[in-house]
Amino acid sequence: MNMRSIFQKVLTVGIVSTIGFSTLLASGAEPVQAQSATANAVSKGTQIVNFGKQFMGTPYKFGASTSTTRVFDCSSFMKYIFKKYGVSLPRTSAAQSKEGYAVSKSNLQPGDLVFFSSGSRANGHNVTHVAVYMGGGKILHTYGKPGVTISDLNSGNWKRTYLKARRVL
């Protein structure tokens, strides 16, 4: 290849690159990296929820060990399903409620932790229960007789005892 041919190819690649970059800027398209970060957070939350759904019906036991999947309490269940996806959570729901950052109920995404003051230890202000938001107003959690189950966040006990939500992803 002679110098003129090389120069023409370099010039052509430069012009094509400039046109492509200018078109990208003019179109107002978001950078791919920013879109991927948001998509990964949402899909990771959905993956955590889907993994947790595999334990539907697993019995509830207050104070359950974090080394078993035969029984869970609410916080050991969250700790277990989040750990599989690289998120380390503390052992108790009260401690988990201090992780990540606050998110409003209207901005919940799958994978967000939701906290309640319910049950015999509740006073209406203290965190006594944790669940993971599934999307569509549903939560995945474990308590009492049903064990691991899906509930409606916006009705009954869960609507009445809701305290706050945190995003840890």
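The model is predicted. The largest nonpolar core holds 21 residues.

- β2 and β3 run antiparallel and are joined by four bridges. Here F116 stands opposite H129 in β3.
- β2 also pairs with β6 (residues 162–167), in the antiparallel sense and over four bridges. The bridge partner of F115 in β6 is K164.

**Two covered faces**

- In a regular strand, side chains alternate between the two faces of the sheet.
- β2 is covered on both faces. L113 and F115 are buried on one side, and V114 and F116 are buried on the other.

**The cores**

- In the largest nonpolar core, F77, M78, I81, F82, L89, L113 and V132 touch the most other members.
- α2 (32–53), α3 (74–83), β2 (113–116) and β3 (129–135) each supply at least two residues of this core. α3 gives the most, with five residues.
- Leaving aside neighbours within four places in sequence, M78 is in contact with L89, Q96, L113, V130, A131, V132, L140 and H141.

**Aromatic pairs around W158**

- The whole structure has eleven aromatic pairs.
- The rings of F116 and W158 have centres 5.1 Å apart and planes at 75 degrees, so this pair is edge-to-face. It links distant parts of the chain: F116 is in β2, W158 is in helix α5 (residues 156–161), and they are 42 residues apart.
- F116 counts as buried because its relative accessibility is 0%. W158 is buried too, with a relative accessible area of 9%.
- Y143 and W158 also form an edge-to-face pair, with ring centres 5.2 Å apart and planes at 70 degrees. Y143 is in strand β4, 15 residues from W158 in helix α5.
- Y143 counts as partly exposed, at 30% relative accessibility.

**An aromatic cluster and a lysine**

- F51, F55, F72, F77, Y80 and Y85 form one aromatic cluster.
- The charged end of K84 sits over the ring of F51, 5.1 Å from its centre.
- K84 also lies over the face of Y85, at 5.9 Å from the ring centre.

Key:
Residues numbered from 1 in each chain as written. Predicted model: local features only at pLDDT ≥ 70, side-chain atom pairs only at ≥ 80, totals over all residues. Heavy atoms only, no water. Core = buried A, V, L, I, M, F, W, Y, C linked by side-chain atoms within 4.5 Å. Buried < 20%, exposed > 50% of the residue type's maximum accessible area, 1.4 Å probe, protein only. Contact = heavy atoms within 4.5 Å. Pairing = 2+ DSSP bridges. Phe/Tyr/Trp six-rings, centres within 6.5 Å; stacked < 30°, edge-to-face > 60°. Lys NZ or Arg CZ within 6 Å of the ring centre and 35° of its normal.
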